[in-house]
Amino acid sequence: MQKTFFALILNFSLLTFTTGFAYPRATVTDDKVIFNFPESATFQATITSDAEIQSIVLEYGNEQQTCGEVIAKAFPQFTPGKTVNAKWTWEMRQSGSLPPGATIWWRWRISDANGNDTVSETKTAIWLDDVHDWRTLNNGDSQRVRLHWYEGDQTFAIDLAKAAYNGLQFNETNSGLKAAAPIDIYIYADTNDLKDAILYEPSWIGGQAFPDQDIVILGISQYDLDWGRDAIVHELTHVLVGHLTFSCLGDVPTWLNEGLAVYSEGELDPGSQQQLEDAIRSDTLLSVRSLSTGFSEVSDKAYLSYSQSYSITKFLIENYGQEEMTSLLVTLRRGNTIDDALMQTYGFNVDGLEDIWRRAIGATPLSISPEVQPTSQPTPTLVPTIVPISVLPLGPNQTTPTPIPTSTFNDQSTPETPVRTAPPLWLTLTLLGLCCIFAFLIGVIVLGVIVRNQNRSGGKNE
Amino acid sequence: MNKNQLMRILLLILITISVLGLAAPNPASAWQLDIPLNQALVLEGGESTNPREYDPATTHSSNHKRVFSGLVSFDLQLNLTPDLAERWEISSDSTKYTFYLRENAKFHNGRAVTAQDVIYSWERAASPELESDTVVTYLGDILGVSEMVSGEADHIEGLSAVDDHTLQVRIDAPKPYFLLKLTFPTAFIVDKENVESGDEWYRRPNGTGPYRLTEWVRFERIVYEANEEFYLGAPSIPYIVVNLYSGDSQGLYETGNVDITSVYSIERFTDPSEPLHNELRTGVSLCTGFVVFDTTQPPFDDVNVRKAFSMAFNRQQYIDVVLDGHALPAHGIYPPGLPGFNISLQGLPYDPAQARELLKQSKYGGADSLPSIVYTDSGIGSFVGGGTAALAQMWKQNLGVSITVENLEPNFYYDQIHTGNHGQLLDGGWCADYPDPENFADVLFHTGSGQNSGGYSNPELDSLLEAARIEQDVTKRIAMYQQAEQILVDDAAALFTVHWLSYELVKPYVRGYVLTPIDIPIERYMWLDGK
């Protein structure tokens, strides 16, 4: 595990700065990145060498927590020559969105016909939308949080910054979560501006946390400060959970991550509380296990998922304590499943948590029979039995008569194509019978004719 | 078919869901297109910026089976069935195939398909200029293909057109699986005039398949229209719309914007109380995940190092933690269900102490003396998938070895791998193109195979695989492939990880859908009922 963090210099255009050195064999000029925010970043440079340039590799990446050193490589298409214009585009739609404020780095690796290899200077740039006039709040606690915004006065920013500091304090006291690195918070003027800055966001998105990059983004209107204060704490908590639990082999289930985030906001808002109580009354709570890997895209269901996660997490913290919660998170970081981590920490697994939590909030026990209840143990997987292909039929006049059977599995939903290989038995027998009767009648007639002819002949003879 | 195609999609999903959202109301975006969506199967997908991935002769995926077709194909039960070829005859020595093309087989522009079109397509695939890395694998049994690929011949000797609708193919030996290989896109038929119409011919292909590609807006959508003149009968679904990079496919399914999706929130949809639970289809895929050791590079030129890396891998923890239990352990190369799969196979066990001991016994003497190790993966930027991260962690924890991850641009990943531009470790994986063990052991590990990206070479294995190719007794043939698998395991030719399972959501109005363990063009078997 290695974490690299470059000092964030907020220029918010295409400010670049160097961190490496160049080998003088090929010359790299006009070396830059052009942003088409938020869809792509195009790296380009003019490369000149005394010998024909035969290979150009763009080495690049973005600063984030990773497992070991990571270098991305791209291969610009070019025609070999002594002067080459190299260009490659990072399509964010293919990779997923980088968060606004992320630091991108790159360098060019060049080989020429003389066997010379050149590595250009490493450059960096900040991935941010320059349509906004970003400002940064400078105050005494920038060691932990740096707040960036572009709409509203300084009072607005200070208000949100205070909410952030209070959230940090709450998490440290109540959940044992601390910031391991400074966190950059980008405040968009509203959710529409926020959505313009990222790709693939859920339809109900209000903010996003990028724990691996210590970045939080939110769309907060000046007229919605109450919501904004809660939201900023919510997203900060995700980053803190990420700092504590970052692991190359381990993960935090969604219900726990979101539960901690909502818990850090304080009490549920009245609407969410009502929705939770309705679900308890109508026995429509979701199972804990089903909240492990992401929430629904359907907003009502997503809201209930958040409220339930809050309720479960609150139950754990307030009944077993903050230290146990920290222990649970650390156990997950060590590469344990959530079942094992819960068992080690509290003495019950997810199913046990389901039972005890439902009992505590007065909900009906999960009523699904054990045979069909989702568990940590997957049911045996049925696999098809495929018959191996055998030697093909031999013979000079062999045609391809029937498909080669290679499988015995079948699916009931396959459209049934009637296959008629022979007439039904009853029809065959009937026809056979009719044929017999017909043959019998013909025989009788023929026999009659013969007998008559014989009688006539006999008569003449006689 | 390389598993990385699938993994690229998973990578995108993982990146998308790796960020955490906060609820806020917002109306769903509208979706507009000038075709009746109640007559369209709507899917979500991506696209490559590498034209070679859209050319049947050079592609590594099976996406082309909508637009293009070949002489034979698989039906929904994986039976090999006639396709462009209505029937065929096989000589007494099983080395000469005479294919009779359907009289009604036409390209999308109405021109009849002839035997000359087959010869053109296959000779084009084998031309040195095209540098196809699949042609020898899938067409190499035909006499003269290797000679044409190497530039020693200007045509494929083993092909001849008897008349417009009769093609003779001679192969180098009686190989039971020869017809199966013709189901792969390398053997599909292209139209010469179309191919020679310009560099971007693949964006307006004149194929022979059940669907015509009628619109392709870069990074927006691809629209297919049913080929009413399709020689096996017009497909029931009039349109297929693939929205490109339109969002998280599972979320789009939930909001009614796509009709079929892969599932990553498996726990949620396997919960019987989930309303969409009944729309979940599960099954196996004939796939095996593995890490490729480049045996031509230090330190993996030493079998003890390969074994050490294999035995430092905790397969069960990988399945439980990284994949939430939704995979089967892979101890060897053949997936469950494939002929040759050996449930009794003893793979290399997880044994960190023994792994460290093996590293000491290697010619490198231990972790401290190993050269820098680069793990090559397909990816963009600095994101590392959970599987790769877990491997890095296990090797570091159990062997004291740190690796560098190299993310190669996915669009040109295979091109780079094929030219040897990769680290000593590669993210690998293979899904069956056809249900035969030859497609795994021989294609992936025979010396010099185009898909043997680790450069593994073992004369004993080669001899066995070459004998298996022409073994006429099916029982003996399967036994030989099982023996080959044991050699691969004993020699730690690769680190076998898991066999993936399939989880798909399918709308109730999509009828005739079958989750097949091999990627076959199922749309023409499907219909929409009440969309």
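Residues are numbered from 1 along each chain as its sequence is written, chains are lettered from A and ligands numbered from 1 in the order in which they are written. Because the model is predicted, local features need pLDDT of at least 70 and side-chain atom pairs count only at pLDDT 80 or more, whereas totals for chains, interfaces and linings use all residues.

Chain A is assigned domain 1 (2-127) and domain 2 (135-361), the bounds coming from an automatic or database domain assignment. Their C-alpha centres are 35 Å apart. Contact (C-beta atoms, placed from the backbone, within 7 Å) involves 16 residues of domain 1 and 16 residues of domain 2 of chain A. On the domain 1 side, 9 of these residues are nonpolar, 5 polar and 2 charged; Ala, Val, Leu, Ile, Met, Phe, Trp, Tyr, Cys and Pro count as nonpolar, Asp, Glu, Lys and Arg as charged, and the others, including Gly, as polar.

In chain B, 4 strands form an open antiparallel sheet in the order S5-S6-S8-S7. Strands (E, at least two residues) and helices (H or I, at least four) are DSSP runs numbered from the N terminus, and pairing requires at least two DSSP bridges. Strands S5 (85-90) and S7 (159-163) of chain B each have a single partner strand, so one side of each lacks a neighbour in the sheet. S7(B) pairs with S8(B) (residues 166-170) in the antiparallel sense over 4 bridges, and Asp163(B) has Thr166(B) of S8(B) as its bridge partner.

Helix H2 (residues 115-126) of chain B lies across S6 (96-101), S7 and S8 of chain B, at about 170° to S7(B); axes are lines fitted to C-alpha atoms, for helices over the stretch in contact, with angles from 0 to 180 degrees between N-to-C directions.

Key
Contact = placed C-beta atoms within 7 Å.
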